[in-house]
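The structure comes first, then the notes.

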Amino acid sequence: MSIDPSSLRHVARLARLSVAEDDAPRLAGELARVLDLAERLAAAPLTGVEPMAHPQAHTLFWREDAVTEGDRADALLALAPDARAGLYLVPKVLE
Amino acid sequence: MSASIAQLARALRAHETSSVELTQRALQHARDQASLNAFITVNDDAALQAAHAADAALAQPDASALTGIPFVHKDIFCTNATRTTCASRMLENFVPPYDATVVERLAVAHAVSIGKANMDEFAMGSSNENSFFGAVRNPWDPTRVPGGSSGGSAAAVAAGIVAFATATDTGGSIRQPAAFCGVTGIKPTYGRVSRWGMIAYASSLDCGGAIARSAEDCAHVLAQIAGHDARDATSVDRPRDDYVASLSTPIVGLRIGVAREYFGAGVDAGVGAQVHAALRQLEKLGAVLVDIELAHADLAIPAYYVIAPAEASSNLSRYDGVRYGHRCADPKTLEDLYTRSRSEGFGAEVQRRILVGTYALSAGYFDAYYLRAQRARRLIADDFSAAFNQVDLIAGPTAPTTAFKLGEKTSDPLAMYAADVNTVAVNLAGLPAISLPSGFSEGLPVGLQLIAPAFAEARLLNVGYQLQQATDWHFREPSA
């Protein structure tokens, strides 16, 4: 298969990654080769096979809907590149 | 010769040495072998402080086999107040405010962490060349890779710097570097070791485990880190076996399935010959070799390289430059902040896997890629279930080759992925497996992989121990 520049840009946009113009052909080629690998599954006898999402068949256990951690807001906000007054700061979204 | 955990534990109790002395030696050793680049962080002060506490703890009745023994954590486990990078620029300055469960359990046992081991970025790689902090070198031949992604963990043990290391395995990341470095690595059953605080790559595959010189040493480490943890919803609530007590069980009559698919065209003759030699040794100990088929083994690589990137693309969406991690300079808009922070913070292989995963999950392609890979995953798991009706364990080479040269496969992602041909199926099925040193091919270590049914870690360690009682491959050390 091949991946055209607009498909590559679309996927990169979804992943919030930038692709430099001069790097696009190389990256598109590599992506196509990895996806070609996946194409080998097309010939496998998969019709009617139940998809397996996880090694554990059972459903996850439920816990009580209760707070289990104390207030660690300061410790967590301290990790942020930019925070003030208990808030994460990002560039303005609305003018 | 490097001492075993049991020997070190005895020496500590007999006051022939102290944890402080062992730790100082390990720190010195780490400095002497800095050229291996096995460590991202070496934490002298914290290590020596922990060693002093361990020396005091040794006098207590609840001291464990690991009390006072220096080791290293793979830099994927969050460590409170010690930076945890996952070998990524994205987390270059990330200092977690908490300990991972594995970290907590080893700290409670007073094992002494001397730092954080190098690895492939976000555990994505089979050579440890994808680290933001540079490649790790193989102690057996510094022009070669140590394997990946737990390359630093394996190299640090192989070089005799530490007795054991924590590690993780999503597609072979414990077993393949253990094989390349001539040490023992155990990947437990999915859910046996808590993933809490272990930075996520592919959540339905990720597994914490251990690398050490011998199966006996691995048993001591697994005994400490395995167990239920309510903070990980996939952690299994089931008592763990006594891994150490069962080491001495004779293996007479044990049926070992030799999977012919694991000796396929890509397997070096020298590797195949050594693995057969190890199997003959197990036969001498009373095991019965049975030829078996894993009919869908060839689907494992294609299924894995859809499922793992798909899960990675979802897991790594959390790195947005807002709450923690790398943020680009002077972002103009929120979208610019996300895109530039991620593009600057992630290395090439991580970006490649995010893009593949995003593609496989995107509208119009989901059925053709992700769903198909999940169906193949079922066939692969069913193959194992059927085989385990006939045999107790499945054997093959851990990796098709010995350690390759640095740079040999970096320009071709698919050639690199082929290094995982015999390991990824185990993760897809969630089974436990071990890599055991099985001699050398042209001077480089070869690994024997044994795979067991879910929760039969004790059987893997038992067979490994029995093999290691009869052979000395695991004692061989690279000349410094």
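**Helix α3 of chain B**

Helix α3 of chain B (residues 44–57) has 14 residues, which at 1.5 Å a residue should span 20 Å; its end C-alpha atoms are 20 Å apart, so the two agree. The expected span is 1.5 Å times one less than the number of residues. Helices (H or I, at least four residues) and strands (E, at least two) are DSSP runs, numbered from the N terminus. This is a predicted model: local features need pLDDT of at least 70, side-chain atom pairs count only at pLDDT 80 or more, and totals for chains, interfaces and linings use all residues. Residues are numbered from 1 along each chain as its sequence is written, while chains are lettered from A and ligands numbered from 1 in the order written.

- B:Ala47, B:Ala50, B:Ala51, B:Ala54 and B:Asp55 are the buried residues of α3(B) (20 or more other C-beta atoms within 10 Å of a residue's own; exposed is 12 or fewer, partly exposed in between; C-beta atoms are placed from the backbone).
- They cover an arc of only 145 degrees around the axis, which puts them on the same side of α3(B); the arc is that of the directions from the helix axis to the C-beta atoms.
- B:Asp45 and B:Ala56 are exposed on the other side of α3(B).
- The cover over the buried residues of α3(B) includes α2 (19–32), β2 (70–74) and β3 (112–117) of chain B.

**Chain B as a whole**

- Chain B holds 15 helices and 11 strands.
- Of its 480 residues, 62% are buried.
- Its C-alpha atoms fill a box of roughly 65 × 55 × 45 Å along the principal axes.

Terms used
Contact = placed C-beta atoms within 7 Å.
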